[in-house]
Amino acid sequence: MASFKPTKIQVYPKLGEKVTQDTLYWKNYKAPVQIKEFGAITNIDFSPVAPHNFAVTAFTRIHIYGPYSQEPVKSFTRFKDTAYCGRFRSDGQLLVAGCEDSVVRLFDVSGKVALRMFKGHTKAVHVTDFTSDRYQILTGSDDYTCRLWDIPNATELNTYQEHTDYIRCGVTSKLNRDLFVTGSYDHTVRLFDARVDKGVMTMEHGQPVESLLLYPSEGLLVSAGGRFVKVWDLLKGGQPLVSLRNHHKTVTSVCLSSNGQRLLSASLDRHVKVYNTTTYKVVHNFDYAASILSVGLSPDDESIVVGMTNSILSIKHRKSPEESKETSGQQRRRPSYRVFVKGKNYVPKQDDYLVSKPVKQHLAKYDKQLKKFNVSKALDTALETWTRLRKPEVTVAVIKELDRRGTLKNALAGRDEQELSRLLHFLIGNLVDPRFAPVLATAAEMILDIYQSVIGQSPVVDRQLLRLQELLEKEIDYQQELLEVLGMLDTMFASSLPRKEVPCSGISRSNGLIQGEASTSRPQLQTT
């Protein structure tokens with residue numbers, strides 16, 4: 001007796017899936033390296049100087065990691081309370097950080113003890129950064145003030161108190177040492193100029209501001225807070241350029257790629273989204289296991305580092321050209337697979353006696369029912385909620401197999417209101433899908449033939465039949481409109497193509513006869 005052949009599930013192309021250059025570029029990262037830190041990771045900052053080590057601020061310490069190290073190459077633990085915002089100077093030799101105890105500490109990257117301690121704030125300092133001349137420090141605090149400090153003299157230069165709530169983010173200009181921007185929980189972003197001792201520009205973000213970013217040209221400013229990422233044109237007086245709302249929870253951090261053409265935003269919704277800075281459309285998306293507090297991209301785009309609320313530091317490294325070629329070609333089989341098929345391709349010798357064991361066939365639920373000729377139960381199994389919603393191709397394959405066997409009508413008949421409603425619900429959701437339409441159209445015709453005598457007895461089924469009718473009418477109208485558009489396009493293309501004359505040697509253009517041939521000549525018939 002021939003063995004039972006399982007139902008063949010056809011593999012369909014995924015709808016809406018586009019492989020773009022951005023997809024290939026951002027997917028070209030290895031599996032993430034995960035490092036457990038001592039607390040939630042609130043800040044990640046890359047050194048501008050090669051080899052681009054990065055500082056990770058988590059709980060009461062700051063760890064500095066090398067590009068490929070899984071252990072810290074340097075640690076700063078001289079904090080009495082939670083540390084915030086560890087940032088490198090432009091030469092990569094100094095690092096500044098704030099603290100919950102309101103003291104700002106300056107460290108030499110090659111040393112351990114703080115070089116300077118700046119005291120003056122009265123509450124936690126969440127913002128620190130160096131000015132472009134390397135000799136001053138900007139700080140922002142929960143005491144509503146931001147201050148400038150002189151590094152050589154360890155003195156306070158100026159205090160600005162224009163915000164009315166916590167200052168949680170800030171950035172200094174890399175082109176002008178006197179300009180810096182701060183963002184606050186009072187929903188405003190303010191641009192300050194140290195030469196005039198006050199704010200010179202105010203932008204209303206509309207949500208508590210969590211992160212700020214200046215473009216390399218410093219003509220555009222990015223602010224993130226709430227669910228929004230907003231871009232402001234500073235050259236036009238802080239005019240809003242675009243407002244992005246692609247996250248569904250608070251956006252906590254933003255960063256730019258090395259060429260400034262891609263913007264990354266991280267959120268508590270566990271996603272990092274990549275935007276094209278020309279169109280500001282999402283071109284890629286990274287998913288993570290926990291809410292994200294900070295994101296950093298190395299200056300050479302070789303590493304993406306993400307810090308999460310569960311104290312996990314996730315590091316993704318770019319694949320080398322050799323690894324990219326290897327994965328783009330035939331993928332290597334995993335060791336477990338090699339073990340699984342071990343001995344399957346062994347060829348016995350001439351004198352060997354081969355003992356074979358029957359291979360047990362594992363069948364799906366619907367195949368088990370088909371094997372027992374329970375066609376109605378096989379269809380019921382294929383119409384289970386998870387299958388019909390997540391794997392509609394399986395349900396369609398079972399319907400196609402029943403039709404091939406000539407038992408589809410029997411499987412569809414004899415159903416009560418609930419079962420028929422479930423079947424019609426599946427048809428409504430998938431009938432106009434071009435992948436499934438040829439199979440489901442046959443099933444729909446059979447259902448109407450079988451149950452036309454009971455139409456009007458169930459309001460639920462009647463409503464679904466009306467929805468099915470409206471769906472088909474709309475689809476027919478769409479098809480007719482598309483055919484009309486196709487006809488218009490064919491006419492336009494035909495009229496726009498230039499007409500070219502193809503010259504043929506030895507043929508007269510007037511009558512198409514060969515030169516010298518008489519127009520009255522007749523073909524000569526050869527007689528035998």
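Modeller: We begin with a term: pLDDT is the predictor's confidence in each residue, from 0 to 100. This is a predicted model, in which local features need pLDDT of at least 70 and side-chain atom pairs count only at pLDDT 80 or more, while totals for chains, interfaces and linings use all residues. Residues are numbered from 1 along each chain as its sequence is written, and side-chain values use heavy atoms, with hydrogens and water left out.

Colleague: What pLDDT does the chain average?

Modeller: Of the residues, 88% score at least 70. Over residues 512–523, however, pLDDT stays under 50. Where pLDDT is low, the predicted coordinates should not be read in detail. The chain average is a pLDDT of 86.

Colleague: Why is the pair of Trp-26 and Phe-286 edge-to-face?

Modeller: Rings of Phe, Tyr and Trp (its six-membered ring) pair if their centres lie within 6.5 Å; planes under 30 degrees apart count as stacked, over 60 as edge-to-face and the rest as tilted. By this rule there are 13 aromatic pairs. In the pair of Trp-26 and Phe-286 the ring centres are 6.3 Å apart and the planes stand at 85°, so the pair is edge-to-face.

Colleague: How many residues apart are Trp-26 and Phe-286?

Modeller: Helices (H or I, at least four residues) and strands (E, at least two) are DSSP runs, numbered from the N terminus. Trp-26 belongs to helix H1 (residues 21–26) and Phe-286 to strand E25 (residues 282–287). The pair therefore links distant parts of the chain, by the numbering of these runs. The separation is 260 residues.

Colleague: Is Trp-26 buried or exposed?

Modeller: Buried means under 20% relative accessible area, exposed over 50%, and partly exposed in between (1.4 Å probe, protein chains only). Phe-286, at 4%, is buried. Trp-26 has a relative accessibility of 2%, so Trp-26 counts as buried.

Colleague: Which parts of the chain does the pair of Phe-118 and Trp-149 tie together?

Modeller: This aromatic pair is tilted, with 5.5 Å from centre to centre and 55° between the planes. Phe-118 is buried at 0% relative accessibility, and Trp-149 is buried at 2%. The two residues are 31 places apart in sequence, so the pair ties together strand E9 (residues 114–118) and strand E12 (residues 146–150).

Colleague: Which residue has its charged end over the ring of Phe-38?

Modeller: A charge sits over a ring if NZ of Lys or CZ of Arg is within 6 Å of the ring centre and within 35 degrees of the ring normal. Lys-230 is placed in this way over Phe-228, 5.3 Å from the ring centre. Over Phe-38, at 4.0 Å from the ring centre, sits the charged end of Arg-61.

Colleague: With which residue does Asp-142 form a salt bridge?

Modeller: A salt bridge is a side-chain nitrogen of Lys or Arg within 4 Å of a carboxyl oxygen of Asp or Glu, and the structure holds 19 of them. The closest N and O atoms are 3.0 Å apart, and the partner is Arg-168.

Colleague: Which residues join Asp-178 and Arg-195 in one network of salt bridges?

Modeller: The side chains of Arg-195 and Asp-178 meet at 3.5 Å, N to O. Arg-195 is exposed at 54%, while Asp-178 is buried at 14%. Through shared partners, the network also takes in Asp-133, Arg-177 and Asp-193.

Colleague: Why is helix H5 described as largely enclosed?

Modeller: The buried residues of H5 pack against helices H4 (365–371), H6 (385–390), H7 (392–405), H8 (408–412) and H9 (417–430), a contact being heavy atoms within 4.5 Å. Among these buried residues are Val-375 and Leu-379. H5 (residues 375–382) is largely enclosed by the rest of the structure because the number of its eight residues that are buried is six.
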